[in-house]
Number of protein chains: 2
Amino acid sequence: MCMARELHHPDRDQIDLSAVLEALSEPVRRDIVLRLLVEGEAPCQIFDNFAPKTNLSYHYARLREAGVTRTRISGPYRMISVRTEDLAARFPGLLEAIVAAAGGKASPAPAGTA
Amino acid sequence: MCMARELHHPDRDQIDLSAVLEALSEPVRRDIVLRLLVEGEAPCQIFDNFAPKTNLSYHYARLREAGVTRTRISGPYRMISVRTEDLAARFPGLLEAIVAAAGGKASPAPAGTA
DNA sequence: CCATCAGTTCAATAAATCTTGAACTAACCT
DNA sequence: AGGTTAGTTCAAGATTTATTGAACTGATGG
């Protein structure tokens, strides 16, 4: 019913390993993270060709609630970024290993996005 | 209906990142892997206090089909082990990072198992 | 104010996952 | 053969996850 002005993000210490692995086990979510690591902070719309909007919204929420991403409201946009420092502090090397593992077959690099 | 004599294991090259992450996102399965890394190859029964047998059997299958573990039939036992070399070759550093991340709150070390 | 744009929430459905009891298999022991 | 042990398969229910259309919110621009 309400659209919270401040979105919930878990504290660094509360980031749960199961939640992170689960979040990153989903290909669309992993592609989002991969792309964000290249782009840095970005508006959500850069992912509009990854899936229908309503589905993306669901995936954003899962990533955010798992502590993998941070979402900031900036005017009409949601700026999303990976919580690299928090993840590195809590689970050293984990994100790097997953990114490296996914690197070979990363996001399909849809035409007209670079 | 049939109980295959040879269990199916994916080839090293076919181990899928999503499947591995998904397999290791489950706490019971992660605890099994953690314990196996300490014990080396072990009969399944060492996990009998982790969960009901029928449930363990399900988790063994998921780990095996994801390419995380290998199961070998030895007389009346199933010997299970982690495919550390295959995982290291396919996804370098991934298993180590997950183990390190889980290390702090590893298996509950149930009494009378050491 | 009205329209639009970015993205969410709701509701409903489909699909996958988890869990367990009951019945089973295969190997071993006496 | 009969009994035991190790672990699986089947069937069914409970829970979770994924996906989508419709309706919404909140900010911006005419």
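In H1(A), the buried residues are Leu17(A), Val20(A), Leu21(A), Ala23(A) and Leu24(A); a residue is called buried if 20 or more other C-beta atoms, placed from the backbone, lie within 10 Å of its own, exposed if 12 or fewer do, and partly exposed in between. Seen down the axis of H1(A), these buried residues fall within an arc of 160°, so they line one face of the helix; the arc is that of the directions from the helix axis to the C-beta atoms. The model is predicted: local features need pLDDT of at least 70 and side-chain atom pairs count only at pLDDT 80 or more, whereas totals for chains, interfaces and linings use all residues. Residues are numbered from 1 along each chain as its sequence is written, while chains are lettered from A and ligands numbered from 1 in the order in which they are written.

Chain A has five helices and three strands, arranged along the sequence as α-α-β-α-β-β-α-α. Helices (H or I, at least four residues) and strands (E, at least two) are DSSP runs, numbered from the N terminus. Of the 114 residues in chain A, 29% are buried.

The cover over the buried residues of H1(A) includes H2, H3 and H5 of chain A, together with H1 and H5 of chain B. Val20(A) itself touches Ile15(A), Ala66(A), Gly67(A), Val68(A) and Phe91(A), not counting residues up to four places away in sequence; contact requires C-beta atoms, placed from the backbone, to lie within 7 Å.

Val20(A) also belongs to the largest nonpolar core, which holds 46 residues; Val20(A), Leu94(A), Val20(B) and Leu94(B) touch the most other members. The elements giving two or more residues to this core are H1, H2, S3 and H5 of chain A and H1, H2, S3 and H5 of chain B. A nonpolar core is a set of buried Ala, Val, Leu, Ile, Met, Phe, Trp, Tyr and Cys residues joined through C-beta atoms within 7 Å. In soluble globular proteins, nonpolar side chains tend to be buried together.

Between the chains, 16 residues of chain A are in contact with 16 residues of chain B. On the chain A side, H1 and H5 each give two or more residues, and H5(A) has the largest share, six residues. By class, this side has twelve nonpolar, three polar and one charged residues. Here Ala, Val, Leu, Ile, Met, Phe, Trp, Tyr, Cys and Pro count as nonpolar, Asp, Glu, Lys and Arg as charged, and the others, Gly among them, as polar.

The strands come next. In chain A, S2 (residues 69-74) and S3 pair in the antiparallel sense over six bridges, and Arg72(A) has Met79(A) as its bridge partner in S3(A); strands pair if DSSP finds at least two bridges between them. S2(A) and S3(A) form a hairpin with two residues between them, and Gly75(A) in the turn has a positive phi of about 60°. S1(A) is joined to S3(A), antiparallel, by two bridges. In chain B, three strands form an open antiparallel sheet in the order S1-S3-S2, with S1 and S2 as the edge strands.

Finally, 26 residues surround DNA strand C, the closest being Cys44(A), Gln45(A), Ser57(A), Thr54(B) and Gly75(B); a residue is near the strand if its C-beta atom, placed from the backbone, lies within 6 Å of it. H3(A) gives the most to this surface, with six residues.

Methods: Contact = placed C-beta atoms within 7 Å.
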